Amino acid sequence: MRDTLVLNASFEPLSTVSLNRAVVLVLQDKAVVEASHPELRMRAAAVDLPVPRVIRLLRFVRVPFRRQAPWSRRGVLVRDRHKCAYCGRRATTVDHVVPKSQGGGDTWLNTVASCAPDNHRKADRTPAGAGMPLLFEPYEPTPTDAMLLALGADGRAGLPDWLPEPAAA
């Protein structure tokens with residue numbers, strides 16, 4: 001599980017890492033804990049440190065500019081918060097708005113989260129052709145939005161207020 005946000009030395013979000021990786025970075029003095037889980041601590045023989053929720057690198061890391069977040073099935077489910085675009089129930093699959101057989105591709109703007117029954121009912125048709133209007137329009141998240149959404153719906157509770165809010169679905 002990637003549940004620790006990594007900030008650059010300039011406080012820009014860089015990525016998310018596992019709890020173990022975050023602790024290693026802190027113990028190696030490569031990062032400092034900016035926000036932690038309120039009541040959780042990691043203890044060992046010579047170590048007592050708060051469980052990190054957000055860490056900041058001590059040295060600036062130059063990252064190549066990425067214009068868009070890479071598309072993935074998991075990314076679509078996370079972007080749509082596992083909510084079916086047709087009925088609002090829990091989504092477990094990804095549906096193509098314009099089916100692949102009609103020229104639609106694997107893009108952020110052509111895919112939505114869907115529950116299996118609605119995905120099966122829509123089949124190889126467009127939403128208009130199936131009489132199934134979308135509850136919300138798909139959008140392309142920025143790389144930062146995708147990273148913050150990946151922390152989870154309840155993840156905002158443990159993050160500092162100054163971090164940007166991801167775009168709403």
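Student: Let's start with Asp 80: does Asp 80 count as buried or exposed?

Tutor: Asp 80 counts as buried, at 2% relative accessibility; buried here means under 20% relative accessible area, exposed over 50%, and partly exposed in between, with a 1.4 Å probe and protein chains only. Before going on, keep in mind that this is a predicted model, where local features need pLDDT of at least 70 and side-chain atom pairs count only at pLDDT 80 or more, while totals for chains, interfaces and linings use all residues. Residues are numbered from 1 along each chain as its sequence is written, and side-chain values use heavy atoms, with hydrogens and water left out.

Now for the partner. The side chain of Asp 80 meets that of Arg 79 in a salt bridge, 2.8 Å from N to O; the term asks for a side-chain nitrogen of Lys or Arg within 4 Å of a carboxyl oxygen of Asp or Glu. Arg 79 counts as buried too, at 1% relative accessibility.

The structure holds seven salt bridges, so let's look at some others. Arg 56 pairs with Glu 34, and their closest N and O atoms are 2.8 Å apart. Arg 56 sits in strand S4 (residues 48-57) and Glu 34 in strand S3 (residues 31-43), so this bridge ties together parts that are 22 residues apart in sequence. Helices (H or I, at least four residues) and strands (E, at least two) are DSSP runs, numbered from the N terminus. Of this pair, Arg 56 is buried at 18%, whereas Glu 34 is partly exposed at 30%.

Asp 118 and Arg 121 make another bridge, with 3.3 Å between the closest N and O atoms. They are three residues apart in helix H3 (residues 116-122), which means about one helical turn separates them. Asp 118 is buried at 5% relative accessibility, but Arg 121 is partly exposed at 48%.

What about the nonpolar side? The largest nonpolar core has 16 residues, and Leu 77, Cys 84, Tyr 86, Ala 91 and Val 112 have the most contacts inside it. Such a core is a set of buried Ala, Val, Leu, Ile, Met, Phe, Trp, Tyr and Cys residues joined through side-chain atoms within 4.5 Å. Helix H2 (73-79) and strand S6 (111-114) are the elements that give two or more residues to this core.
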